[in-house]
Amino acid sequence: MRPGPSNRPGAVAVAERGWLSAHKWLLIRRASQLCFLALFLIGPWAGIWLVEGTLASSLTLGVLPLSDPYVILQALAARHWPETTALLGAAIVLLAYALIGGRVYCAWVCPINPVTDLAAWLHQRLGLPKGWQPKRSTRLWLLGTTLLVAAVTGTIAWEAVNPITLLHRGLLYGVGLAWLVVLAIFLFDLFVARRGWCGHLCPVGAFYGLLGAKSLLRVSARRRADCDDCMDCFAVCPEPQVITPALRGKGEASPIVLSGDCSNCGRCIDVCSKNVFAFANRFEAAPAVPAALPDDDDRKAA
Amino acid sequence: MAQVERHDAARRRFLADIGRAACGVGAAGLLLALYAEQNDALPAQSLRPPGALDEEGFLGACLRCGLCVRDCPYDTLRLAELGEAPATGTPYFVARDVPCEMCDDIPCVAACPSGALDPALTDIEDARMGLAVLVGQETCLNLLGLRCDVCYRVCPLIDEAITLVRQHNERTGVHARFIPTVHSDHCTGCGKCEKSCVLEEAAIKVLPFAIATGELGSHYRLGWEEKAARGESLVPDLIDLPDRMPEAPQ
């Protein structure tokens with residue numbers, strides 16, 4: 001065990017860099033989530049109409065249409081060709097997330113993320129067992145299934161049960177029983193499966209993961225030579241499998257986290273007391289690798 | 001040998017994993033499909049906004065974003081919450097609560113990004129949200145012989161969508177009854193008649209077209225229309241036999 005005030009992940013970073021610095025990206029991310037929610041809510045709550053609609057499809061300042069490409073894809077599977085507005089909106093969203101990382105949507109925008117993050121935090125504090133851990137690819141199968149169901153039933157079926165839009169729409173238009181679904185997700189993540197919903201099942205996340213598979217904005221384990229194997233990054237990462245190839249890679253292996261599963265949440269950057277991680281672009285890797293080589297060799301020699 | 005057994009075990013585990021994933025996901029898909037099918041039965045009281053595609057097409061097109069709801073100036077439209085009968089997140093209105101005011105510029109259709117509300121609808125009088133039906137044949141005040149006329153008076157297409165047809169009042173023998181009569185070629189299903197019906201439970205109700213109207217067999221021909229179209233009887237040399245009247249003189 002590590003020395004220090006506590007064994008909680010990030011404790012060393014907090015001790016060395018201060019609480020604020022060790023929660024920088026977490027705080028910015030929560031601010032972003034709040035901001036996106038506020039942009040939508042300020043209309044119905046205060047009568048200031050900056051954004052109308054929901055995450056499924058919206059209109060900003062009366063001119064900018066944005067649509068969820070996954071919902072549009074379901075409409076297409078249901079054999080409906082949407083109007084230009086929706087197609088244009090989907091194209092804009094598609095392009096943006098293809099650049100900055102598809103699952104940035106999950107970590108920085110999605111209103112379910114704070115719910116599952118809270119469940120994960122509580123799960124860790126209570127020291128509960130991991131529980132049911134279906135394969136991470138399950139969400140890809142679910143993604144395919146939702147499209148198949150859309151094609152067979154001719155309806156955008158997933159949107160009837162999608163917890164993300166249920167919650168978002170509920171906050172904006174009246175919640176109905178949607179809060180029960182949110183509660184179910186919370187309890188599922190807390191007691192049944194650690195990081196179960198976002199990390200293993202959610203087809204929306206799966207879609208955005210595929211969308212951002214080649215994105216420009218990535219996390220880089222730039223200074224992986226400094227890693228002291230404290231494992232804090234693995235402990236806080238909602239998709240820990242993405243870290244290994246970048247952090248444990250030797251020699252010319254890219255230090256960039258290349259998996260589309262990474263949501264660019266930046267929590268690994270926060271909790272690392274050795275400042276191994278940083279945001280980078282995916283092409284930055286090439287010149288950075290040779291420079292890191294001697295360090296690796298040094299470590300091996302040592 | 002051990003190598004082969006390990007391979008075997010690995011393959012068995014792989015197949016078991018795939019099988020389990022396929023069954024689990026398949027079950028989830030079936031549940032979702034079942035729910036979608038259950039969820040697409042629109043209750044008769046819930047009306048879709050003007051220009052809505054037929055229910056099947058609508059559920060494949062509506063993104064459930066609520067932009068139509070936002071642009072409705074009379075707060076007529078609402079999105080179905082989880083637990084309500086219309087498909088979750090889709091827009092509808094209940095005429096008895098708030099009817100459609102039939103805006104000339106049809107803002108709900110203009111707001112729809114997906115075409116679930118068909119932009120081909122440019123004249124609100126062409127909208128067919130449903131069809132008003134005088135269901136209260138024993139409760140409608142006009143049918144009881146009074147002059148209520150409220151549904152007729154409030155109809156935005158007065159004397160076109162609803163007319164008053166005069167009938168003999170068999171009960172009194174000396175009065176007339178003014179029967180509110182809906183004409184499907186003009187009624188938009190806005191629901192103002194249902195909203196304003198003075199009864200405890202509206203005697204006139206807007207119902208979805210499929211429920212409100214019958215349908216002739218596609219092979220049926222109306223003789224008088226065929227005759228008018230042709231200009232003469234379709235059976236010109238019909239033998240006219242003498243009519244046998246019941247009270248014919250002996």
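I started with helix H7 (residues 138-153) of chain A and helix H11 (residues 203-211) of chain A. Their axes come within 8 Å and cross at roughly 100 degrees. I keep in mind that this is a predicted model. Angles of 65 to 115 degrees count as roughly perpendicular, so H7(A) and H11(A) are roughly perpendicular to each other.

Next I listed who touches whom. H7(A) brings Arg139(A), Leu140(A), Leu142(A), Leu143(A) and Thr146(A). H11(A) answers with Pro203(A), Ala206(A), Phe207(A) and Leu210(A). By class I get 7 nonpolar, 1 polar and 1 charged residues for this contact.

I then turned to helix H2 (residues 24-46) of chain A and helix H8 (residues 163-173) of chain A. They pack at an angle of about 30 degrees, and their axes are 9 Å apart. The cut-off for roughly parallel is under 35 degrees, so H2(A) is roughly parallel to H8(A).

From H2(A) I noted Leu37(A), Phe40(A), Leu41(A), Pro44(A) and Trp45(A). They meet His168(A), Leu171(A) and Leu172(A) of H8(A). The contact of H2(A) with H8(A) has 7 nonpolar residues, 1 polar residue and no charged ones.

**Where chain B meets chain A**

I looked up the extent of the contact. Chain B gives 35 residues and chain A gives 45. Between them the two chains bury about 3,100 Å², and 69% of that lies on carbon and sulfur atoms. Which residues of chain B lose the most area to chain A? I found Leu63(B), Arg70(B) and Leu82(B), together 22% of what that side buries.

I went on to the polar side of the interface. The rule finds 13 residue pairs in polar contact across it, with both residues at pLDDT 80 or more. Three helices of chain B each supply at least two residues of the side that touches chain A: H1 (2-39), H2 (55-61) and H3 (67-71). H1(B) gives the largest share of that side, 10 residues. By class, I logged 19 nonpolar, 9 polar and 7 charged residues on the side of chain B that touches chain A.

**Salt bridges**

How many salt bridges join chain B and chain A? I count 1 between them. Lys135(A) forms a salt bridge with Asp17(B), and the closest N and O atoms are 3.3 Å apart. Over all chains, the structure holds 20 salt bridges.

I also checked one within chain B. Arg12(B) forms a salt bridge with Asp8(B), with the closest N and O atoms 3.5 Å apart. I asked how far apart Arg12(B) and Asp8(B) are in helix H1 of chain B. They are 4 residues apart, so about one helical turn separates Arg12(B) and Asp8(B).

How values were computed
Residues are numbered from 1 along each chain as its sequence is written. Chains are lettered from A and ligands numbered from 1 in the order in which they are written. This is a predicted model: local features need pLDDT of at least 70, side-chain atom pairs count only at pLDDT 80 or more; totals for chains, interfaces and linings use all residues. Side-chain values use heavy atoms; hydrogens and water are left out. Axes are lines fitted to C-alpha atoms, for helices over the stretch in contact, and angles run from 0 to 180 degrees between N-to-C directions. Angles under 35 degrees count as roughly parallel, over 145 as roughly antiparallel, 65 to 115 as roughly perpendicular and the rest as oblique. Contact means heavy atoms within 4.5 Å. Ala, Val, Leu, Ile, Met, Phe, Trp, Tyr, Cys and Pro count as nonpolar, Asp, Glu, Lys and Arg as charged, and the others, Gly among them, as polar. Buried area is the accessible area (1.4 Å probe) that two parts lose on being put together, summed over both. A salt bridge is a side-chain nitrogen of Lys or Arg within 4 Å of a carboxyl oxygen of Asp or Glu. A polar contact is a pair of N or O atoms within 3.5 Å; within protein, one must be able to donate a hydrogen and the other to accept it, and residues adjacent in sequence count only if both atoms are side-chain atoms.
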